[in-house]
Amino acid sequence: MGNNEGIVDIVGGQSGLDSIVYRETSDLLADAKAIIDSGRDIAYQSVNFAMVATYWNLGKRIVIEEQKGEKRAKYGTRLMEQLSVLLTETYGKGYSVRSLRQFRQFYLNFSDKEKWNTRAPFLTWSHFRALLRVNNPKARDWYLREAQSQGWAVRTLERNISTQYYERLLMS
């Protein structure tokens, strides 16, 4: 057994059989576990990215429909309520009025697709939901960058937001 025991490299930007580059060792079980774990990680990241992208695009579509070319949406329309009923009938849970409002807010707060697109593979929808509670755009961007670069779990992000970590750093 050498230094490369059980090492599996994920090659960014590739898909299919080439997405996992494997270095063989003398321990079959360890190698098999490394391959399976890496495959699961890739699947999880892919599903997570697709879910976040779906919610961003739903939010964008809702904003387009609400505003209909105007600078601001008209009040009094029951768009969210009606859409929630129809989507829930088709897809089940997950499309409540509250969720649709979060998707809308997600798009409005992260309308720069490139910004969230570079962070989304590393952050979950729960991360973005926590970020939606941050009103200050500069603070929200800072928390977004730090959560991604430092690998913050959702609980860590929520704790840092609730203790106003960004604001305390500015004061020091």
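Is N109 buried or exposed? N109 is buried, with a relative accessible area of 19%, and since the cut-off for buried is under 20%, that is the class it falls into. Keep in mind that you're looking at a predicted model.

**The whole protein**
- The protein has 8 helices and 2 strands.
- Reading from the N terminus, the elements go β-β-α-α-α-α-α-α-α-α.
- There are 172 residues, and 30% of them count as buried.
- The accessible surface comes to about 11,600 Å², and carbon and sulfur atoms hold 51% of that.
- Take the contacts with a separation of 6 or more: residues 24 or more positions apart account for 51% of them.

**Helix α3 and N109**
- N109 sits in helix α3, which covers residues 97-109.
- Leaving aside residues up to four places away in sequence, N109 touches L132 and R140.
- How far apart are the end C-alpha atoms of α3? They are 18 Å apart, which agrees with the 18 Å that 13 residues should span at 1.5 Å a residue.

**A salt bridge inside helix α1**
- The count of salt bridges comes to 4, and one of them joins the side chains of R61 and E65, at 3.2 Å from N to O.
- R61 and E65 are 4 residues apart in helix α1 (residues 28-67), so about one helical turn separates them.
- In general, an α-helix has 3.6 residues a turn, so residues three or four places apart point the same way.
- R61 is partly exposed at 47% relative accessible area, and E65 is partly exposed at 28%.

- R101 counts as partly exposed at 45% relative accessibility, and E81 is partly exposed at 27%.

**A salt bridge further along the chain**
- R133 and E158 also pair up through their side chains, with 3.4 Å from N to O.
- This one links distant parts of the chain, 25 residues apart: R133 is in the loop between α5 (125-132) and α6 (137-150), while E158 is in helix α7 (residues 154-162).
- R133 is exposed, at 52% relative accessible area, whereas E158 counts as partly exposed at 32%.

Methods:
Residues are numbered from 1 along each chain as its sequence is written. This is a predicted model: local features need pLDDT of at least 70, side-chain atom pairs count only at pLDDT 80 or more; totals for chains, interfaces and linings use all residues. Side-chain values use heavy atoms; hydrogens and water are left out. Buried means under 20% relative accessible area, exposed over 50%, partly exposed in between (1.4 Å probe, protein chains only). Contact means heavy atoms within 4.5 Å. The expected span of a helix is 1.5 Å times one less than its number of residues. Accessible areas come from the Shrake-Rupley method with a 1.4 Å probe; for residues, only the protein chains shown count as cover.
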